[in-house]
Amino acid sequence: MSDIRVKIDEIAMAVPDNVLTNQDLEKIVNTTDEWIRTRTGMVERRKSDDHTAASDIALKACEKLFKRSSLRTRDIDLIIVATVTPDHAFPSTACILQHKLGIPNCPAFDISAGCTGFIYGITIAKQFIENGSATNALVVGVELLTKITNWTDRNTCVLFGDGAGAALVTPAHKGEISEIIDTYISSDGKYGNLLIQQGGGSRNPTSKETVEKNMHTLYMEGNRVFKIAVKSMGEAAVRILERNGFTGDNIDWLIPHQANLRIIDATAKRIHILPQKVIINIEKYGNTSSASIPLAFAEAVEDGRIRRGDLIVLDAFGAGLTWGSVLLRY
Ligand code: ACO
């Protein structure tokens, strides 16, 4: 066990300006505002323009972050970007972001864990800091899912949006209450084909045929993913609470991945937490995958709901399939 305790020092978010409403989607596919609201809880989401890439939105979140923190970019010695919509397959978006921020030599890499990406990122950063390999980590969840959306598929195109959240993960000083208490991550690759971008990798390199078949876009068997999500997110939340001797009653805030309001409600019920203690912004941003938790977290810090010392559970589920949770005092 390390003597070094680790905390989230600051968190910030950024989204593109352009709003895509349910009514806009009614004009694109055979759907209704009523269906989208009642089946998902979504009302609008953000869509980036043709010139914006993941690192551009990530940069905006990071600029806000460094304005809030006493740390400077030169203090960062680890950069982790969680994304399934990187600027390019390579180089990593983490390296691109490092260059844009002017951060000197340090490890920088992307991780692919779908919507659980931010929780994976926090877990990795915590361990780098605990074992002395890094001091101040920048962990970013960024996603431009509208860039890989199939706009002819009503099953998926209504669900996703763009955004970024960034956190500074640093050592907690002696006597400080803020701390990442515990993290839990898991996955089960046998469900990988339920949520997949089939084209563009080494399995199906980009060709005229892959593009014509829309294989470069996101494919999801939503109904099957839904059932596994309810089970896994519930279990991830219960596990992290139980092994640290807490119940839902002790928690100030649950910040769940914003994929579907019905999944969020089921998770909240599973840990018996009051609805008013659940951070929800799915109606504004839709599912922003690895950006969803830091977006919700940062927004609740900005509007004063979350305060220093609050006990919080982060809980997510996504492509892989992956899932995980974090217990922390902000
Ligand atoms: N508008 C109108 N009707 C629709 C739409 C739409 N946009 N989409 C689907 N339907 C129809 C279907 O065609 C179907 O019609 P049918 O009964 O005539 O065949 C009916 O609605 C029901 O479809 P289901 O897929 O069973 O609907 P469900 O209630 O499961 O909701 C949803 C679909 C919202 C996708 C849900 O399953 C879900 O949220 N799944 C989980 C998503 C998730 O958690 N993903 C993981 C993270 S994403 C990541 O990692 C990138």
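Here is a short walk through this structure, from its ligand to its aromatic pairs. Keep in mind as you look that the model is predicted.

Let's start at the ligand. There are 26 residues around it, and Thr-31, Arg-39, Cys-115, Asn-223 and Asn-260 come nearest. Asn-223 places a polar side-chain atom 2.5 Å from an oxygen atom of the ligand, while for Trp-35 a polar side-chain atom lies 3.4 Å from a ligand oxygen. Arg-154 takes part through its backbone: a polar atom there is 2.9 Å from a nitrogen atom of the ligand. Taken alone, the ligand exposes 1000 Å², and the protein buries 76% of that.

Where do the surrounding residues come from? Helices H2, H6, H8 and H9 and strand E12 each give two or more residues to the shell. The largest share, four residues, comes from H8. Domain 1 (6-171) and domain 2 (179-329) each supply at least three residues of the shell. By type, the shell divides into twelve nonpolar, eleven polar and three charged residues.

Now turn to the aromatic rings, where the structure holds two pairs. In one, the rings of Phe-109 and Phe-128 have centres 6.3 Å apart and planes at 40 degrees, so the pair is tilted. Phe-109 sits in strand E5 and Phe-128 in helix H5, 19 residues apart. Phe-109 is partly exposed, at 24% relative accessible area, and Phe-128 is also partly exposed, at 24%.

Phe-297 and Tyr-330 form an edge-to-face pair, 5.5 Å centre to centre with 65 degrees between the planes. Phe-297 belongs to helix H11, and Tyr-330 to the segment after strand E13. Both Phe-297 and Tyr-330 are buried.

How values were computed:
Residues are numbered from 1 along each chain as its sequence is written. This is a predicted model: local features need pLDDT of at least 70, side-chain atom pairs count only at pLDDT 80 or more; totals for chains, interfaces and linings use all residues. Side-chain values use heavy atoms; hydrogens and water are left out. A residue is near a molecule or strand if one of its heavy atoms lies within 4 Å of it. A polar contact is a pair of N or O atoms within 3.5 Å; within protein, one must be able to donate a hydrogen and the other to accept it, and residues adjacent in sequence count only if both atoms are side-chain atoms. Accessible areas come from the Shrake-Rupley method with a 1.4 Å probe; for residues, only the protein chains shown count as cover. Ala, Val, Leu, Ile, Met, Phe, Trp, Tyr, Cys and Pro count as nonpolar, Asp, Glu, Lys and Arg as charged, and the others, Gly among them, as polar. Domain bounds come from an automatic or database domain assignment. Rings of Phe, Tyr and Trp (its six-membered ring) pair if their centres lie within 6.5 Å; planes under 30 degrees apart count as stacked, over 60 as edge-to-face and the rest as tilted. Buried means under 20% relative accessible area, exposed over 50%, partly exposed in between (1.4 Å probe, protein chains only).
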